[in-house]
Each structure stands twice: as C-alpha cells, then as structure tokens.
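Biologist: I have a model open and want to learn how to read it feature by feature. Where shall we begin?

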Amino acid sequence: MSSVAVIDYGMGNLHSIAKALQHADSRVNVQITADAAVIRMADRVVFPGVGAIRDCMHALNESGLADVIREVAQSKPFLGICLGMQALLTDSEENDGITCLNLFPGHARRFADHMLDVDGNVLKIPHMGWNQVKQNPHPLWHNIPDHSRFYFVHSYYAAPDDPSHSAATADYPQAFTCALAKENMFAVQFHPEKSQTVGLQLLQNFLAWDGIA
Amino acid sequence: MSLAKRIIPCLDVDNGRVVKGVKFVDIRDAGDPVEIARRYDREGADEITFLDITATHDNRDTIVHVVEQVASEVFIPLTVGGGIRVLEDIRRMLNAGADKVGINSAAVFRPEFVKEAAEKFGSQCIVVAIDAKKVSQEGEENRWEIFTHGGRKPTGINAVEWAVRMKDFGAGEILLTSMDRDGTKSGFDLALTRAISEAVSIPVIASGGVGNLDHLADGIIEGKADAVLAASIFHFAEYTIEQAKRHMQARGIEVRL
C-alpha cells in the first residue's frame, strides 16, 4: 500500500486535504504528521498551508521541518499547496519580507491594489473564488481539461525567476503563475481539495505520479 | 476569461436539520443537510454556507457533526455561521472541515474578536456577516445601520463604516444581508450592496431577498457583489443552481459551469 504524508506544522486545518486524498484513492495510506521519520518514510509528501508566511516559516524553522522538506522535496513526489507553494520560493513580500525555502528561485508578490477588470470594476483582494487555469504540459494535468476552474483564495502569487518552472497560469487581471513544477516537485496556488472534480483528479494524478516530469 | 462570480446556497440548520420547509422531490430525507449539500454540490454550487440557528447551547454539537459528514464527501468550500463567539468555536468548526466561519453579533459586541480571529486563523477563513437595515427617510441620503437579534435591535452603527472597519480588522470577506429584504423575495437591496462593495477591497456576498434568477444577476451587475447567496429559491427546487448559473451567464456574467 502506498503512503502519503501530509505535513502538519500547525498552520491550519488539514482535515480537508487528508479527506480529499483519501477520496481520490481509497487504497492510499494518508498520514497527517509532524514526525520527520514518517515524512521520510512516505512514498509521497503533501505540503499544505494557510495563513501568514512569517508564521509558516517560523513554524518550519523551529520544528526542524524546513530541513526535512528540503530533503524530501528532492527525492520523492512532492506537492505544495497554497502557502505551501509560496514557501518553496526564495522569499515573500508578505510580512515585510520573509526568507523562504528557495526550492524554486523566485518571489511571492502581492497583487496590486486597485486593479481593474475589463468593465472597470475594482478587483477584490484576496483573489477568491473559481478561476480558469491554463496548463503547461505536465503529467499532473492528466484527464483535466485545459482552462478548468479551480478554487483560489490568496493575496500573494508566485513569480518564478525561471519561466520554465511555471506549470500553469491564471488571469487576475494579468496572467500570473498558479502552478510550479520542477523534477519531482509540483506546487499549486489553488486548493485542489476544494476544487471538486478537477481538484480530486489532480490529487489522484499526484498519487499515481512517479515524480518524473 | 477570469474569476467567476459565485453562487452560494445557504442552509439554515436547527438541531442538525435543515429548516425553512425544504421540499426536494427526489431525495430520501428532505431535512437532511448532508443530502442537500450533496445535491447542491452536484448541481454546481460554488460554495455552501450553513447557518446554525440552534437555540439551545447543549445541541450545538449537532452542526459540528453535519460539517464533518459534508466535508468528507463534498469538496468545495464550506462556511459555517451562527453562534461563533470565541476562538475555540472557530477552531472546532475548522477542525470539523469548515473552510470559513461567519462572525456576526460577536463582532458587534466586541470588534477585536475579528482581529484576534484573523490573526489566529488567517483572514481567508474569517467572514464577517453584516445585518443591515435602511434607516434614512425618503428624500434623505441613503443610510443603513447594523441590527442584531435577527433585525430587531438597532446598534447605531453605520453599515458602510462598519464594513470598512471589519476589513481593517482582518475580515477576508463580507456576507451582507439586508434585513429589509430578507424573506421578501423582492430582490437584494442593490444600493446597499453597491455601497458596501465599493467601500471595501475584500469580496462581498449579497444576501437577503432573492425571489428569482434576475435578482441574482442584478446583485452582481448592479450591486457589484462578488458572490450571491440564496436559500429558499433553491430549497423549494424552484430553480436548480445550474439554471441560476445559465441565467447569469446569459446576462453576461462569468460563472463556473
């Protein structure tokens, strides 16, 4: 039986992601854990997160999980979600600037205030709701129609230094990177665990993925 | 193409049962919130909101079980409101599988609660629910006030100023209900919705008064809402969520279909 570790570092509720993974594949052993040994043993690792980046990085550094993440992110299929995606970048503009894990060179930037849509309405921040995702080829998009809508809620977005690391974009109103991919790492800004059918499909794809892009 | 406007069905739950006279034809138990949530999910609801109206404190656990069951099989955002008074209430709902909580009267009694909640759990899960009533007279400039106790008790607080303050305190979203329109089926208070939506930088959900599908579209187009919430038009199966979305799309609104 294959196993997936959902990293628990005290940032938000992991019930949804664990339930969604189990729903995506009932045979997989889903473990919510803060135990480095369990994370190292798992076949796959999910790195979720909500809240502020300062608290997130503080928790990762204090617990020693930052080093565990750096290690497993280079050795097995690894999925970052939401804040768990932004934490993989070099740094974030949030909380006056926070150094992150630097697994993807790049920065988390804040959406500009007072952006307008095509009708001249002010775009709200956070970017909240279902937006279309334009895919770049990757095995994790298997069986997911291009431009499918996923559920987002965030005020910061990833700006990778290397455009080839962008696995998908969404528009708000300009195109921004909403998925990152490099070798065995994949990360998404949206919440697959809250994106109904297409989200479950992405999780199912991850649980079947050998980590080869 | 970009972000879709959202349709959010709302279930009023009392002692673990949906109230407001639900009359679905093809579900086993018309009052079962889990069954109804399942159906709304199938029809394409963008989120689901549960409003717990259980009066007695002893029975408050029932909503936790409802959320747990729904979250195990419905994978869209879930919001729970009603009776959220202390941080521990929020933690319980999030642990049960809710993604957001609605804070209403507790914010009026002690606004700092919203700040503490946003700092503890993140703005993304804090929805401040505002019940507003028009208090200006005919011919005067529009003015709305916050009311508590189901619209019976005035607070003297200006609704637009309150919304801005709640945003500054860390609210991630505003759920705005017109107490003048709630239950009337005569449409949202569009002037109120627009005044609040244009005053805050965070998303606003319009609520109160939906009687037909044009009301939903009006809330987005004229009220400038980011999402629309309705209960009875979906409960009575007058319209499905999908019909509502098709109608909104026909009026030029971007929706998830």
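Modeller: Begin with contacts around one residue. Setting aside neighbours up to four places away in sequence, B:Asp131 is in contact with B:Asn104, B:Ile146, B:Phe147, B:Gly151, B:Thr177 and B:Met179. Keep in mind that this is a predicted model.

Biologist: Where does B:Asp131 lie?

Modeller: B:Asp131 is in strand β6 of chain B.

Biologist: Is B:Asp131 buried or exposed?

Modeller: Count the C-beta atoms around the residue. The cut-off for buried is 20 or more others within 10 Å. B:Asp131 has 25, so it is buried.

Biologist: Which positions does UniProt give as "active site" in chain B?

Modeller: The unreviewed UniProt entry places that feature at B:Asp12 and B:Asp131. B:Asp12 sits in strand β1 of chain B, residues 6–14.

Biologist: How many other C-beta atoms lie within 10 Å of B:Asp12?

Modeller: There are 19, so B:Asp12 is partly exposed. B:Asp131, in contrast, is buried.

Biologist: What is in contact with B:Leu51, leaving aside neighbours within four places in sequence?

Modeller: B:Asp12 is one of the contacts. B:Leu51 itself belongs to strand β3 of chain B, residues 48–52. Its 22 C-beta neighbours inside 10 Å are why it counts as buried. You can also read a C-alpha distance here. B:Leu51 and B:Ile63 are 12 residues apart along the chain, and their C-alpha atoms are separated by 9.0 Å.

Biologist: Now the core. Which residues touch the most other members of the largest nonpolar core?

Modeller: They are B:Val67, B:Val114, B:Ile126, B:Val128, B:Ile130 and B:Ile174, in a core of 159 residues. Strand β6 of chain B, residues 126–134, contributes the most, with six residues. That is the strand that holds B:Asp131.

Biologist: What does B:Val114 touch?

Modeller: Beyond four places in sequence, B:Val114 touches B:Ile126 and B:Val128, among others. Its partners also include B:Ile103, B:Ala107, B:Met166, B:Phe169, B:Gly170 and B:Ala171.

Biologist: Which residue could I look at between β10 and α8 of chain B?

Modeller: Take B:Gly209, in the loop between β10 (204–207) and α8 (213–221). It has 22 other C-beta atoms within 10 Å, so it is buried.

Biologist: Turn to chain A. Which residues does UniProt list there as "active site"?

Modeller: A:Cys82, A:His191 and A:Glu193, again from an unreviewed entry. They are spread over 112 residues of sequence but cluster in space, with a largest C-alpha distance of 10.9 Å.

Biologist: Where do A:Cys82 and A:His191 lie?

Modeller: Both are in loops. A:Cys82 is between β4 (78–81) and α5 (83–86) of chain A. A:His191 is between β14 (185–188) and α6 (196–208) of chain A. A:Cys82 is buried because 27 other C-beta atoms lie within 10 Å. A:His191 is buried too, with 25. A:His191 touches A:Cys82, along with A:Ile81 and A:Tyr151, beyond four places in sequence.

Biologist: And strand pairing?

Modeller: Check the direction, then count the bridges. Strands β5 (residues 89–92) and β7 (residues 104–110) of chain A run parallel, joined by three bridges. In this pair A:Asp91 stands opposite A:His107. β7(A) also pairs with strand β11 of chain A, residues 156–160, in the antiparallel sense over five bridges. There A:His107 stands opposite A:Ala159.

Biologist: Last, how many residues does each chain bring to the contact between A and B?

Modeller: Chain B gives 25 residues and chain A gives 31. The chain B side has 10 nonpolar, eight polar and seven charged residues.

Technical notes:
Residues are numbered from 1 along each chain as its sequence is written. Chains are lettered from A and ligands numbered from 1 in the order in which they are written. This is a predicted model: local features need pLDDT of at least 70, side-chain atom pairs count only at pLDDT 80 or more; totals for chains, interfaces and linings use all residues. Two residues are in contact if their C-beta atoms, placed from the backbone, lie within 7 Å. Ala, Val, Leu, Ile, Met, Phe, Trp, Tyr, Cys and Pro count as nonpolar, Asp, Glu, Lys and Arg as charged, and the others, Gly among them, as polar. UniProt positions are given in the numbering used here, feature names are shortened, and annotations may be inferred rather than shown by experiment. Helices (H or I, at least four residues) and strands (E, at least two) are DSSP runs, numbered from the N terminus. A residue is buried if 20 or more other C-beta atoms lie within 10 Å of its own, exposed if 12 or fewer, and partly exposed in between; C-beta atoms are placed from the backbone. Two strands pair if DSSP finds at least two bridges between them. A nonpolar core is a set of buried Ala, Val, Leu, Ile, Met, Phe, Trp, Tyr and Cys residues joined through C-beta atoms within 7 Å.
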